[in-house]
There are 2 protein chains.
Amino acid sequence: QMPRGNLETIHHRALVLAQIRKWLDFLMFKEAFECMRKLRINLNLIYDHNPKVFLENVEIFIKQIDSVNYINLFLTELKEDDVRKTMYPTAVFDKASPNSKDVKKVDLICDALRAAMETINPHKYCLSILTSHVKKSNPQLEVALQKVHELRENPPTASDAVSAEDALKYLLFLVDVNELYDHSLGTYDFDLVIMVAEKSQKDPKEYLPFLNDLKKMETNYQRYTIDKHLKRYNKALCHLTKCGPEHFSELLKLVKDHKLYTEGLKLFQSGTQEYKDINNAYGEYLNEKHQYEQAGLIFARCGRFEKALDAFVASCCWQQALCMASLLQFTEDKLADLARSLSGKLVEHRKHAEASLLLEQYAQDYEDAILLLLEGSIWEEALRLIYKYNRPDILETNLRPSIIEAQRNHLVFLESQKTTFTRHKARLLVVRELKERARQGLLDEEVQECPETDLVSETGSSIMTASEASSKYTHSNSRISSRSSKNRRKAERKRHSLKEGSPLEDVALLEAICETIKTVDKLRGEVHCLLKVLVLFEYDEQARELQQCMDDVLQLMEKSIPEIWITDRQQSSAAPVLGPNSTANSITASFQQPKSTTHAVHGETELLMVPKLNNSLQWKLGLLE
Amino acid sequence: QMPRGNLETIHHRALVLAQIRKWLDFLMFKEAFECMRKLRINLNLIYDHNPKVFLENVEIFIKQIDSVNYINLFLTELKEDDVRKTMYPTAVFDKASPNSKDVKKVDLICDALRAAMETINPHKYCLSILTSHVKKSNPQLEVALQKVHELRENPPTASDAVSAEDALKYLLFLVDVNELYDHSLGTYDFDLVIMVAEKSQKDPKEYLPFLNDLKKMETNYQRYTIDKHLKRYNKALCHLTKCGPEHFSELLKLVKDHKLYTEGLKLFQSGTQEYKDINNAYGEYLNEKHQYEQAGLIFARCGRFEKALDAFVASCCWQQALCMASLLQFTEDKLADLARSLSGKLVEHRKHAEASLLLEQYAQDYEDAILLLLEGSIWEEALRLIYKYNRPDILETNLRPSIIEAQRNHLVFLESQKTTFTRHKARLLVVRELKERARQGLLDEEVQECPETDLVSETGSSIMTASEASSKYTHSNSRISSRSSKNRRKAERKRHSLKEGSPLEDVALLEAICETIKTVDKLRGEVHCLLKVLVLFEYDEQARELQQCMDDVLQLMEKSIPEIWITDRQQSSAAPVLGPNSTANSITASFQQPKSTTHAVHGETELLMVPKLNNSLQWKLGLLE
């Protein structure tokens with residue numbers, strides 16, 4: 001006979017798991033539990049094996065186990081993961097855990113077990129019930145403490161009952177003592193607090209004076225103090241509110257310190273002084289955060305119109321600012337001053353229409369109002385004011401020169417956009433060709449020395465970016481200038497290097513081309529308005545010239561789009577790649593090829609979308625054709 | 001010895017061409033010409049072989065050929081095509097024809113030959129010179145006729161000169177007689193006309209009375225009559241202008257009959273009565289064509305302000321209409337009536353801001369002006385007017401109810417859009433799954449009878465289109481109604497059938513989803529304004545509810561976009577398809593697969609672009625978070 005070793009105590013995991021599953025299927029929890037405990041198999045499996053069956057048979061489970069310690073062991077070992085997935089995977093695995101998303105597994109089991117234990121014998125299972133409270137994903141420490149307190153107040157007579165003392169000890173074993181102390185404070189039950197404090201290692205000299213102070217306070221103020229101590233500021237605010245108006249300054253401080261403006265406002269009736277004061281504080285807070293418009297709204301609704309006015313002026317909300325001025329009963333002179341100052345700010349933001357309205361309606365400064373409209377190329381509105389205020393002299397002195405200048409500016413700008421576009425397009429085709437050759441491995445040293453490369457660099461160096469070109473033609477009386485500077489900033493933000501030979505030069509070119517197309521496309525409406533006023537003042541030739549130029553550029557771009565953006569359809573209509581001579585690699589290569597020219601560039605998909613021209617806008621005048 | 005046949009007269013084309021090229025290279029035109037003529041080789045080759053060399057040696061060519069007939073033959077055989085490409089292709093073929101685009105080849109040769117012939121001997125080559133005029137792409141028949149006329153007036157004394165008679169005969173051989181007659185008329189030279197007429201088969205009774213009538217007329221009127229007869233209306237107009245003001249009514253008729261408004265306007269100084277009259281006629285013509293705005297501009301500039309006013313009112317150009325009213329010195333009452341009528345029209349087009357301005361500034365109807373702004377959800381402007389005209393009562397009676405109603409409408413609308421979106425998305429995934437299965441050949445009869453298909457039809461039947469849903473929630477005081485009706489029309493235009501099982505159901509669903517996303521995305525600005533005014537009037541809860549709802553819908557859409565639009569990048573990161581078990585077909589299929597789910601749908605590329613959410617717009621209020 002061979003010497004006996006430890007061999008017989010080694011169990012094959014798969015066989016054991018199979019056996020446990022069988023036991024669980026037959027609701028033989030006791031056997032399963034014992035075995036799992038002995039072989040250190042995660043107890044979550046009891047539930048995870050078949051959640052539905054377990055939840056339906058919780059009472060049987062408890063009655064079979066029949067041990068507070070074992071149930072505590074089970075509860076403390078619970079976790080959210082499904083151990084069938086993480087630890088004990090099986091081949092057959094199709095029962096999805098119910099409510100996996102909405103209700104948490106641990107909470108579900110805790111509640112089910114507690115309900116069962118309270119039915120069977122709440123005294124016997126007292127500690128397990130406490131465990132079930134503590135183990136919840138959001139631990140119900142107050143409830144557990146309350147149960148302990150009850151045990152002390154009304155010690156149960158049942159023989160198997162647990163004493164309050166033992167229960168508290170057990171709780172302190174489960175939960176950190178400081179946490180438990182805080183939560184006991186949170187119940188506002190001083191008996192409970194002292195009970196916990198006594199069990200803790202805390203020094204009575206530390207907590208007794210605090211508790212004594214608290215005891216002397218009015219209930220709501222006491223609770224507010226506790227909440228504040230526990231950093232439960234929302235609750236603190238609620239309790240402080242109930243302490244009456246004499247504590248309002250303290251309340252306002254609490255609101256400000258912890259930014260509880262929204263919560264504070266909910267606690268007071270609109271119209272009360274308190275409500276207004278909180279709003280005022282809120283407004284100041286928003287001001288500090290430079291959210292002037294919202295600050296203005298908040299100041300306005302609590303009657304702080306001057307502060308509101310300042311905030312609205314700071315955020316350029318001219319309409320609201322005027323409302324405030326009315327509420328403040330500004331004199332006409334003061335109103336005119338305000339209007340002029342707002343008007344200046346609006347012009348900075350190139351909001352000429354609004355700026356003009358302010359001068360017209362609040363400063364009675366009609367001439368400047370009209371000049372602002374001309375500066376903003378708002379021709380029809382300018383005409384309206386010219387006739388409304390009977391100033392036909394401005395037609396000759398300002399309007400005619402303005403529209404002629406605008407026409408010239410547009411021509412220059414369009415010409416520059418056209419040049420940029422053409423250059424970028426040409427360079428893009430060259431870059432693509434070079435990349436294609438490089439891909440085919442044809443770009444060896446010999447080729448690099450051929451004259452064509454010189455040609456390439458020549459083209460490259462003469463490229464101007466759209467923004468460079470447009471920045472040359474910024475004029476004060478045209479919208480073009482603001483647009484181009486905006487575009488420039490925007491362009492700089494996302495532009496790749498247009499430098500010749502940079503690795504993503506094709507992407508950069510595509511971006512620049514896209515930008516140019518969008519810029520010109522957006523001009524339609526503006527050009528349309530200008531054409532109309534040119535015709536009205538008999539500048540037919542200039543109008544025709546502009547319409548022709550704009551049309552040329554748009555057509556050039558529209559015609560070029562299919563050359564620049566190779567669409568999927570064109571690619572798929574390419575020659576078939578299957579045939580007797582094709583190999584797996586050749587087929588793959590042929591499918592990957594278009595990607596290397598167009599798709600590889602698809603780093604930023606947004607940029608590579610074909611820009612859509614707004615052809616639905618009828619910008620042309622038929623009479624100029 | 002074999003019997004001799006025709007064999008020795010057969011020439012090998014390639015050998016012949018090689019010989020001709022050699023001759024041409026050596027400027028041996030005579031030999032080349034003779035050979036080509038004999039062997040019926042297209043004579044264009046003489047030029048096409050080397051255009052530059054030919055053009056430089058035209059004189060040598062003529063001197064070598066030395067035959068009017070041959071030169072005529074050469075000229076008449078000329079055509080634009082490069083015969084090296086079309087008829088006689090060669091292996092070496094690199095000389096690009098110069099100026100191929102700008103100047104036409106035939107014109108170039110005609111002009112070069114004519115210049116040479118006129119230098120060498122204009123008398124001898126007279127007929128060839130005529131040919132060179134006639135052969136031009138735009139035949140110079142007048143010039144040719146003029147030359148013939150000159151021959152008649154001053155018969156040349158040179159022995160080799162051609163008589164006018166012969167020249168005319170030759171011309172009639174080249175050109176149709178009626179055409180030549182018309183062109184002779186066009187020279188306004190009656191001698192020439194009669195000369196041609198006599199040579200033609202025309203009946204003198206036909207043309208002589210007409211010519212006699214013409215002869216009696218004043219020169220310009222005569223030319224006008226001829227131009228009109230020849231349907232050369234532009235020239236006719238020019239000549240008629242020179243006939244003086246007594247013919248102006250006839251001129252105006254000509255302008256109207258042949259729509260020569262632009263040309264007519266160029267002939268008269270701005271400010272003259274004639275200029276005004278033509279403008280007036282032009283305006284009426286544009287009115288007839290329902291181009292009211294342009295008609296208005298034209299009427300305005302010729303001082304027909306009443307007509308202009310009508311046209312501007314018809315085209316809803318309210319600013320211009322008001323300008324006309326000022327010019328017509330409308331009384332205040334009349335102006336107010338006009339303003340009210342325009343305001344009504346603008347409201348129909350949902351232009352509430354403009355409609356309100358009219359009532360405020362031209363009808364002094366402040367209350368209605370404010371109500372219009374509320375109807376158009378233009379809250380801040382409404383507030384401005386309320387305070388400007390000191391009507392705080394409207395805050396309670398109208399503004400508060402309006403913003404609360406707007407909040408409710410937005411909530412209902414957003415909820416409906418969310419429902420639609422969710423349904424369409426779910427159905428799209430089902431349809432894609434079905435298509436995928438069909439593609440894999442798994443959708444046989446068995447599968448079609450499984451319960452899942454029932455589920456599918458259930459889902460399908462409950463689908464509401466975005467427009468159906470939105471049309472349920474059209475409210476009179478919200479911008480939503482106009483938007484949705486506009487969307488509906490737009491959507492109907494391009495929508496495929498959403499009917500369940502329709503072949504392009506997935507495209508239709510994608511369209512509908514896209515539409516919904518765009519609709520909600522566009523609401524940002526409007527919702528932002530509403531939130532601000534809700535906060536101002538202390539409707540914090542309602543504001544928070546709306547912000548939350550809007551945010552939920554936007555986030556749902558943003559989160560869904562990657563599920564709905566499978567991007568290229570995701571596809572390319574799919575599992576590799578090459579391997580020892582792959583076949584040519586399997587590789588191809590794997591590349592084509594993504595296309596069948598996403599790309600196959602790419603019929604209208606525009607629709608399948610991932611809709612871009614305007615996330616840069618800060619629509620949320622921080623204070624509501």
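Chain A has an accessible surface of about 31,500 Å², and 51% of this belongs to carbon and sulfur atoms. These areas follow the Shrake-Rupley method with a 1.4 Å probe, and for residues only the protein chains shown count as cover. Please keep in mind that this is a predicted model, in which local features need pLDDT of at least 70 and side-chain atom pairs count only at pLDDT 80 or more, while totals for chains, interfaces and linings use all residues. Residues are numbered from 1 along each chain as its sequence is written, chains are lettered from A and ligands numbered from 1 in the order in which they are written, and side-chain values use heavy atoms, leaving out hydrogens and water.

**Chain A as a whole**

The secondary structure of chain A consists of 37 helices and zero strands; helices (H or I, at least four residues) and strands (E, at least two) are DSSP runs, numbered from the N terminus. Of its 625 residues, 47% are buried, where buried means under 20% relative accessible area, exposed over 50% and partly exposed in between (1.4 Å probe, protein chains only). Taking contacts in chain A between residues at least 6 apart in sequence, 65% join residues at least 24 apart; a contact means heavy atoms within 4.5 Å.

Helix 32 of chain A (residues 505–522) has 18 residues and spans 26 Å from first to last C-alpha, close to the 26 Å expected at 1.5 Å a residue. That expected span is 1.5 Å times one less than the number of residues. A:Asp506 lies in helix 32 and counts as buried at 4% relative accessibility. A:Asp506 and A:Arg427 are 79 residues apart in sequence, yet their C-alpha atoms are 8.6 Å apart in space.

Helix 13 of chain A (residues 190–199) has buried residues A:Phe190, A:Leu192, A:Val193, A:Met195, A:Val196 and A:Ala197. Its buried residues pack against helix 10 (141–153), helix 11 (164–174), helix 12 (177–186), helix 14 (204–216) and helix 15 (219–229) of chain A. At the start of helix 13, a side-chain oxygen of A:Asp189 comes to within 3.1 Å of the backbone nitrogen of A:Asp191.

**Aromatic rings**

Over all chains the structure holds 30 aromatic pairs. Rings of Phe, Tyr and Trp (its six-membered ring) pair if their centres lie within 6.5 Å; planes under 30 degrees apart count as stacked, over 60 as edge-to-face and the rest as tilted. B:Phe33 and B:Tyr70 make a stacked pair, 5.0 Å centre to centre with 25° between the planes. B:Phe33 lies in helix 2 (residues 29–38) and B:Tyr70 in helix 6 (residues 68–77) of chain B, so the pair ties together parts 37 residues apart in sequence. B:Phe33 is buried at 1% relative accessible area, and B:Tyr70 is buried at 18%. In chain A, one aromatic cluster is formed by A:Phe29, A:Tyr47, A:Phe54, A:Phe61 and A:Phe74.

Most residues other than glycine have a negative phi.

| Residue | Phi | Relative accessible area |
|---|---|---|
| B:His290 | near 60° | 57%, exposed |
| B:Cys316 | about 65° | 15%, buried |

B:His290 is in the loop between helix 19 (273–288) and helix 20 (292–301) of chain B, while B:Cys316 is in the loop between helix 21 (305–314) and helix 22 (318–327) of chain B.

Key. Polar contact = N/O pair within 3.5 Å; in protein donor to acceptor, adjacent residues only side chain to side chain.
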